[in-house]
Amino acid sequence: RAAGLWFRWPGSGGAAMDLFGDLRRMNKRQLYYQVLNFAMIVSSALMIWKGLIVVTGSESPIVVVLSGSMEPAFHRGDLLFLTNFHDDPIRAGEIVVFKVEGRDIPIVHRVIKVHEKGNGNIKFLTKGDNNEVDDRGLYKEGQNWLEKKDVVGRARGFLPYVGMVTIIMNDYPKFKYALLAVMGAYVLLKRES
Amino acid sequence: LRKNVEDFTGPRERSDLGFVTFDITADILNRKNGLQTFWDIFDWNVKQLFLYLSAEYSTKNNALNQVVLWDKIMLRGDNPRLFLKDMKSKYFFFDDGNGLKGNRNITLTLSWNVVPNAGILPLVTGSGHVSVPFPDTYETTKSY
């Protein structure tokens, strides 16, 4: 509750009138309070994300599928939940998200070959379910195998369609700014009652 | 689950290449509370099954090797019973080295990835596996 600092001009009518009326009436203290509220929400969101990174062991515990190379299991826009526990062995059949050295874009494909040495050194090959050939063409020049260090995580769960929002925001930056503006306006202007 | 296999290795410059033909007779079941039902595996939240036959073995070079020989996507509504004969491996069975020649213990297992409409993605290994020995010599005359 904004204790005692808000009051209504008697007789002002209409929601729009109220909104602009509020803006005019908002004194500095109230504004700082709202900004702090907003900062708290952002910090909490960041903390939750960092917490997820710690708990799952993956640098990016939630990823969006960008291509159709794993259809019909996953489509563009699906959301994947990853874990990357150090002791989890990489085995054939698992769906892994990996990054090719030097490239930023993570790829979601399935492990089809594994060769593991006694000392724990693993090298493996991947292939998209919907692709005809394995991923050697995607790897770095001269690279024939992936290693544990290339793995971002293993897909453990998934939600369809939800990731589409991120793809739209990427492809249409105006949409992203509009969304941020609306969210910012809402948080700054909403009144606690 | 039964598999009958016939196999041989061919000489390649650097690594052994294995050739395997197999039959698969399988019922993909889901065990719930001790009762087996055929159609249970495709419940309301299962979109598809990604089946794959993998060969697992040990060599001098590597303590553990796993190679997927064949895979199949089984969509909701498909018959969960497999009756395949004389299948050839879909993917080249290359070893990382020369560990197939004379290797007596290659284990073939059928596993599947359950892809739900939404939720967890479990990997299930079928019960029943077949052990396949590779012969001690390379075959140069057999065609595949």
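## Annotated spans of chain A

Residues 53–138 of chain A are 5% helix and 35% strand, and the end C-alpha atoms of this span lie 27 Å apart. Helices (H or I, at least four residues) and strands (E, at least two) are DSSP runs, numbered from the N terminus. UniProt lists these residues as "domain: Peptidase S24/S26A/S26B/S26C", in an unreviewed entry. UniProt positions are given in the numbering used here, feature names are shortened, and annotations may be inferred rather than shown by experiment.

This is a predicted model, in which local features need pLDDT of at least 70 and side-chain atom pairs count only at pLDDT 80 or more, while totals for chains, interfaces and linings use all residues. Residues are numbered from 1 along each chain as its sequence is written, chains are lettered from A and ligands numbered from 1 in the order in which they are written, and side-chain values use heavy atoms, with hydrogens and water left out.

## Helix H2 of chain A

The unreviewed UniProt entry also has the annotation "transmembrane region", covering residues 31–49 of chain A. In the model this span is 100% helix and 0% strand, with its end C-alpha atoms 27 Å apart.

Helix H2 of chain A (residues 28–56) has 29 residues, and at 1.5 Å a residue it should span 42 Å; the end C-alpha atoms are 42 Å apart, which agrees. The expected span is 1.5 Å times one less than the number of residues. Gln30(A), Gln34(A), Asn37(A) and Thr56(A) are the buried residues of H2(A). Buried means under 20% relative accessible area, exposed over 50%, and partly exposed in between (1.4 Å probe, protein chains only). After H2(A) comes Gly57(A), with a positive phi near 80 degrees.

## Aromatic pairs and charges over rings

A pair of aromatic rings is described by the distance of the centres and the angle of the planes. Rings of Phe, Tyr and Trp (its six-membered ring) pair if their centres lie within 6.5 Å; planes under 30 degrees apart count as stacked, over 60 as edge-to-face and the rest as tilted. This rule gives five aromatic pairs over all chains. One of them is edge-to-face, because the rings of Phe98(A) and Tyr139(A) have centres 6.2 Å apart and planes at 80 degrees. This pair links distant parts of the chain, 41 residues apart: Phe98(A) is in strand S3 (residues 95–99) of chain A, and Tyr139(A) is in the loop between strand S5 (122–127) and strand S6 (146–147) of chain A. Phe98(A) is buried at a relative accessible area of 0%, and Tyr139(A) is buried at 3%. In chain B, the rings of Phe92(B) and Phe94(B) have centres 6.1 Å apart and planes at 55 degrees, so the pair is tilted. Phe92(B) is exposed, with a relative accessible area of 56%, whereas Phe94(B) is partly exposed at 31%.

Two arginines have a charge over a ring. Such a charge is assigned if NZ of Lys or CZ of Arg is within 6 Å of the ring centre and within 35 degrees of the ring normal. The charged end of Arg110(A) is 3.6 Å from the ring centre of Phe50(B), and that of Arg136(A) is 4.7 Å from the ring centre of Trp145(A).

## Backbone geometry in chain A

The peptide bond between Glu71(A) and Pro72(A) is cis, with omega about 0 degrees. Pro72(A) lies in the loop between strand S1 (62–64) and strand S2 (79–83) of chain A.

Tyr161(A) is not a glycine, yet its phi is positive, about 65 degrees. Tyr161(A) is in the loop between strand S7 (151–159) and helix H3 (164–171) of chain A, and is exposed at a relative accessible area of 66%.

Two strands pair if DSSP finds at least two bridges between them. S2(B) pairs antiparallel with strand S7 (residues 81–88) of chain B over six bridges, where Phe22(B) has Met87(B) as its bridge partner. Two bridges join S2(B) to strand S8 (residues 93–94) of chain B, also antiparallel, and here Leu17(B) is partnered by Phe94(B).

The largest nonpolar core has 27 residues, and those with the most contacts inside it are Ile24(B), Leu69(B), Trp70(B), Leu82(B), Phe93(B) and Ile106(B). S5(B) gives the most to this core, with six residues. A nonpolar core is a set of buried Ala, Val, Leu, Ile, Met, Phe, Trp, Tyr and Cys residues joined through side-chain atoms within 4.5 Å.
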